[in-house]
Every structure is written in structure tokens, then in C-alpha cells.
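Subject: Structure handover

Hello,

Here is the structure I said I would pass on. Please look through it before reading my notes below.

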Amino acid sequence: MKRLKTAVAVIIAAVMLLSMTGCESLGNILQGQKGDMWHAVYATVEGQQFEAADLFETGVTVELKRNGKCVITVDGSPCEGEWDCTDGVMTISGFLIDCTGRMEPDVMYLYDFMSSGMDLMFTRDGAAPDIGTDPTATIPAAADPTQAPAEREGMLGRYLLHEAIIEGVHKDNAALAAEGLLEDSYILFDEEAWGELSFSDQIFDSFSYDEVQSVLYFTENDPFPYTLEGDIVTLELPGWEMTLMFKYDPTFTVGVTTLAGSWEGWLNCSSCVGEGLTEGYQAVYASIDKDDTGRWYFEVYQYDYVDGDMPLISMWLEDFDMTTATTLMPDIGEDDAWVLDTCLLESEADEFRQTIADDGSLTIEYSYIRHDFSASCLVTVFLRPYGAEWYDYDILPPGFGE
């Protein structure tokens with residue numbers, strides 16, 4: 001391990017020494033419009049993964065300037081090049097610093113960095129992306145350029161934000177990435193003529209759509225026309241003064257249910273002991289969404305709830321991207337999560353750590369004991385994505401379909 005680290009350090013140092021001969025002076029490098037600074041956090045070398053701090057004394061940074069120039073600095077030695085980001089594909093070019101990679105919201109990957117055989121993962125300065133704590137699972141392999149993209153069937157699929165016109169200002173993919181607007185920004189068309197629209201932390205809503213008329217409905221009598229040209233879906237949102245253009249994502253599999261969004265189903269209390277509990281089923285509505293600070297939460301309400309009603313179940317979720325996650329990961333602290341009228345203990349998180357079933361449903365069972373030990377029951381929650389098909393073997397919520 002130590003020999004590998006030393007060898008990598010020697011390779012990088014040699015490349016930097018050579019590349020510096022082709023760079024401008026430091027004074028010239030630092031001129032121009034200042035852009036985003038990215039810091040290396042993890043590295044992969046010959047299949048082994050390290051924290052970048054273990055390989056470099058003072059670190060690796062990449063400054064992406066607005067004029068298409070960039071400055072790569074390795075252990076204090078800078079070199080200038082040029083960069084481009086198109087559809088999330090990063091290209092950096094310059095004397096001995098050519099490399100490619102990909103950019104995601106607040107995260108950038110560069111492969112075969114400076115021809116060293118090393119892959120690096122960077123995070124944007126000032127951002128706190130969901131990169132996890134396991135360095136062995138942080139850097140995905142570079143895409144295979146020979147792999148054919150998935151075939152799209154009609155409208156079906158997920159489309160990622162590509163360009164936008166916001167309050168009359170056109171923003172290309174690079175500008176959206178620089179402003180952090182690509183995170184959680186997509187439109188999804190599923191097999192049941194339903195879909196989801198998400199734009200950063202500003203919009204998240206479900207809709208029905210009519211592919212023949214090319215309109216989608218957030219509410220029954222409020223159509224929004226869209227266009228599909230090639231791989232690009234264009235949607236105008238006059239109320240928000242924006243036009244969003246999304247590009248088809250061939251890596252996404254339609255029909256795989258993920259957590260984010262609205263759910264419906266039932267909550268059943270059984271084996272009740274004590275006063276104040278009613279056995280039986282009640283229809284519920286659930287939401288997995290982000291609050292104003294960007295923190296994910298899971299809440300379950302009575303189906304006919306009104307604003308101000310307390311949720312039957314409420315908890316924060318661990319810091320993952322719920323638009324791709326399939327397992328509920330509670331983040332239970334002190335007095336900030338509850339079932340019915342009783343706060344949950346941190347040790348009870350595992351009872352809610354459930355994975356979406358193959359048929360798209362989510363089931364939770366919890367042995368409820370009231371905080372003063374005066375009552376208990378088994379709480380079972382069964383949920384399906386809002387608007388999804390229910391099967392013959394399902395127990396339907398009371399009043400469902402009426």
C-alpha cells in the first residue's frame with residue numbers, strides 16, 4: 001500500500017514538473033474571471049481507493065473559470081488549461097493535463113488524471129454533496145464509450161435538466177451546473193401516464209400526462225403543453241417565468257420505483273391494548289420530500305388531513321438522494337421523530353429501514369408502545385406511489401376508488 005502511494009506521488013510530481021514547462025507564469029494564470037474551486041476528496045489507483053489527503057501533501061484543486069480556462073494545482077504547483085462541460089461530460093485539455101470525466105451537482109470525477117492512471121473525485125468549494133462515508137463506493141467507473149445507449153419507448157423515461165430560460169436569461173448546461181441547479185432537476189414519465197417534475201429545491205410535483213395531446217396536468221383542469229424533439233423535452237412554466245429543457249437519461253430504468261414523491265395507502269392498528277387506540281384500517285397519504293433547507297423527510301397523514309394536522313408518522317431521512325434511493329433510511333434524533341403520539345428512539349430506526357418491494361410497494365411494521373406505557377399495538381403501513389396501479393392481492397385503503 002505504501003509503495004503504491006509513493007509510486008503515484010512520484011508519477012504526479014513528474015507530470016507536474018514537465019507540464020509546468022508548458023504553462024504560463026503564475027501571475028498570468030491567476031488573471032481572468034474567477035470561477036468555481038473544486039477539491040479532490042477521494043482517489044482510485046489500480047482498483048484501490050484512498051482519501052486524497054493520503055496521497056497529496058497539500059491537495060489537488062481544479063479552478064473552473066467562467067471563460068473556459070482552468071487551473072489545476074497539485075501540492076501547490078499550478079498549471080493552466082481549458083475545460084468544457086457538455087451534457088455533464090467534462091473535458092480538460094492542456095499540456096500533459098488532458099483528461100475527461102463527468103460532472104454532477106457539486107461533484108466532479110476526472111479519470112486517468114494527468115495520465116497517472118488515477119481517478120479522482122472532487123467536490124465543489126462550499127457545497128455539501130451526498131458523497132457518503134465509504135470511499136470504496138464513491139468513484140464510479142468511467143463510462144464505456146462502445147456501449148450503446150438504451151432504447152427509449154415513446155415518452156417513457158427520465159429526462160435530466162439540460163438548459164433553461166429563467167426570467168428571460170438563457171442558461172446552458174455549464175451555467176446550470178455552476179449555480180447548482182442541476183441537482184434534483186428532472187422530469188419523469190412512467191408507464192401509468194403519471195410523472196414527476198423536479199427543479200432543484202424550487203419545484204417538486206407529480207402530474208398526469210397525455211402523450212397524444214402533448215400536455216401534462218398538475219391539476220385536472222390546468223394543462224401544460226410540452227414538446228419532444230429527439231431526446232429533448234421542453235416544458236414552459238409561465239407562472240415561474242421559466243422554460244426548462246430536459247435531455248433523455250439512458251441510464252435510468254423505467255418501472256423501478258424510488259422513494260421521492262407522494263404515496264398513498266393504509267395504516268392499520270392491530271392487537272390493541274389500552275385506551276385511545278382504534279383497531280382497523282384507515283386511508284393515509286405519505287410524502288417523501290425536502291424541506292426549505294434541503295433536508296429529506298418522511299411523513300404519513302390521514303388521507304383527509306387539512307393544513308395544521310399533525311402527521312401520524314414523521315421522521316427525517318439520512319442524507320441520500322431519494323430520487324434514486326429504494327431503501328428508507330431514517331435519521332432519528334432526540335424528540336424529532338414519532339409514531340402516533342410517541343417519540344421514537346434512535347435505536348428504533350431499524351424498524352423503519354425498509355426497501356421498496358419488487359411490485360413497487362413499501363411496507364412498514366412497528367410495535368407501538370405509548371410513551372407512558374398505557375397502550376400498545378402493532379402499526380402496519382402499506383404504501384404505493386400516488387396514482388400507481390393496485391393489484392388484486394392488495395388490501396385496498398378504505399374508500400379507495402369511490
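Is E82 buried, partly exposed or exposed? At 40% relative accessibility, E82 is partly exposed (buried is under 20% relative accessible area, exposed over 50%, partly exposed in between, with a 1.4 Å probe and protein chains only).

This is a predicted model, in which local features need pLDDT of at least 70, side-chain atom pairs count only at pLDDT 80 or more, and totals for chains, interfaces and linings use all residues. Residues are numbered from 1 along each chain as its sequence is written, and side-chain values use heavy atoms, with hydrogens and water left out.

Salt bridges

The count is five salt bridges (a side-chain nitrogen of Lys or Arg within 4 Å of a carboxyl oxygen of Asp or Glu). One of them joins K69 and E82, at 3.1 Å from N to O. K69 lies in strand β4 and E82 in strand β5, 13 residues apart (strands are DSSP runs of E, at least two residues, numbered from the N terminus). K69 is partly exposed too, at 30%.

R384 and D394 also form a salt bridge, at 2.9 Å. R384 is in strand β27, and D394 is in the segment after β27. Both residues are buried.

E196

E196, in strand β13, is buried but has no salt bridge. The nearest side chain of opposite charge, R158, is 8.2 Å away (Lys and Arg count as positive, Asp and Glu as negative; His and the chain ends are not counted).

Regards

Key:
Helix = DSSP H or I, 4+ residues; strand = E, 2+ residues; numbered from the N terminus.
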